[in-house]
Amino acid sequence: PPGIQSLDSEATAKGGNGSPNEFDQHRDNKNQIKEENRVRPGFLYEVSNINDPGLNGKYRVDFDGKLTLAYGVSIDTTGMSESDLKAKVIESFKPFLKSAESTHVNLSQKKLWIDVRGLVNKAGRYLIDPSASIDEALNLAGSLMANSQAEYLKIQSNNNVVIINLNDYFNNGNINELPRWQGGEILFVQRKSDIATSLLDNAHPMIQVFGEVKSPGEFPFRRDSDFLYYITKAGGPSAVANLSKIEVVRWENNKRVSQTYDWDQSRDLTQLESGDLIIVHAIKQTPVERAIQSGAGVAAMLSAIGILIIAL
């Protein structure tokens, strides 16, 4: 076949004998180069065009792989290489510029986005060096909560899950088993509980609940249950929970898809699936504003949770 012939010709030209091992090595090397040149969430690009200063600037790929440029141009960089991105930028600006081909796109910084959740002091999204350790990632999030009994770190990237025993990591410092940061990872710091064995067994269907709830973690999946049920299982919302910003995240075709809901939309939500992540975001208003704007909502939410607890 043409593909095999092409590999055979290239291997022979380099002095190889065309053995299967050489073919495999050649293919692996090409895949590695392609992987190293891939655009990642967090990468910072500098775009310039001498004919249009309004286009000039530095733009960072967001957590979901979107790169938003001048003139409202937005590019989904998922799976793109550096050369793919440059070609796409030039193509996207053709309607706005007489000479879009004179547009330059240069990688300015290789920081990566990660999202740290669970038993840390400052949960949130942070930029990290590709070679950073787990210690550095946790320090960005304010380190582990005091007396939290945190034992596990779960790293989720697309549909891949790696679970690390923090005691083993801190005591032995074995970094050989750690994944290389790709950008877009979600890190969960969790304590040992009755479902600790389930955390280590992906065959058990689970729903993850994090953010502004009293007991974040993973809970057994129950079909036909909405996110209100799982928030209840997580101890209910905290005092600073934004009941109008409950995010449901899932992975479809290796892409992160999220949707934000108000708490009273739980019954209208498309059915939850095993592996979904529920994030209850925080309110950033002052305590007085919070009391005025969401007091009634909190009361109604707690009332609904009371009914659910009775029914469970």
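## Surface, sheet and aromatic pairs of a predicted chain

The chain exposes about 17200 Å², of which carbon and sulfur atoms supply 48%. The structure described here is a predicted model. Of the 312 residues in the chain, 41% are buried. The secondary structure comes to eight helices and 15 strands. Contacts across the sequence can also be described: among those between residues at least 6 apart in sequence, 55% join residues at least 24 apart.

One part of this secondary structure is an open sheet of five strands, with mixed pairing and the order β7-β6-β10-β8-β9. At its edges stand β7 (124–128) and β9 (160–165). Each of these two has a single partner strand, so one side of each is left without a neighbour in the sheet. From one strand to the next, the twist averages 25°.

Strands of a sheet pair through backbone hydrogen bonds, in either a parallel or an antiparallel manner. Strand β8 (residues 150–157) and strand β10 (residues 185–191) run antiparallel and are joined by six bridges. Gln 156 has Ile 186, in β10, as its bridge partner.

The aromatic side chains form a further topic. A search of the whole structure finds eight aromatic pairs. One of these is formed by Phe 93 and Phe 96, and its geometry is edge-to-face. Tyr 229 and Tyr 230 also form a pair, which is edge-to-face because the planes of the rings stand at 80°, above the limit of 60 degrees for that class. The table gives the values for both pairs.

| Aromatic pair | Centre to centre | Angle between planes |
|---|---|---|
| Phe 93 and Phe 96 | 6.3 Å | 65° |
| Tyr 229 and Tyr 230 | 4.9 Å | 80° |

Phe 93 is buried, with a relative accessible area of 0%, whereas Phe 96 is partly exposed, at 42%. Ring pairs also link Phe 93 and Phe 96 with Tyr 71 into a cluster. As for the tyrosines, Tyr 229 counts as buried at 9% relative accessibility, and Tyr 230 counts as buried at 0%.

Charged side chains also meet aromatic rings in this model. Arg 222 lies over the face of Tyr 229, at 4.0 Å from the ring centre. The ring of Tyr 229 thus has Arg 222 over its face and forms an edge-to-face pair with Tyr 230. Elsewhere, Arg 125 lies over the face of Phe 63, at 4.2 Å from the ring centre.

Definitions and conventions: Residues numbered from 1 in each chain as written. Predicted model: local features only at pLDDT ≥ 70, side-chain atom pairs only at ≥ 80, totals over all residues. Heavy atoms only, no water. Phe/Tyr/Trp six-rings, centres within 6.5 Å; stacked < 30°, edge-to-face > 60°. Buried < 20%, exposed > 50% of the residue type's maximum accessible area, 1.4 Å probe, protein only. Lys NZ or Arg CZ within 6 Å of the ring centre and 35° of its normal. Helix = DSSP H or I, 4+ residues; strand = E, 2+ residues; numbered from the N terminus. Contact = heavy atoms within 4.5 Å. Areas by Shrake-Rupley, 256 points an atom, 1.4 Å probe, with all protein chains shown as cover. Pairing = 2+ DSSP bridges. Axes fitted to C-alpha atoms, helices over the stretch in contact; angles between N-to-C directions.
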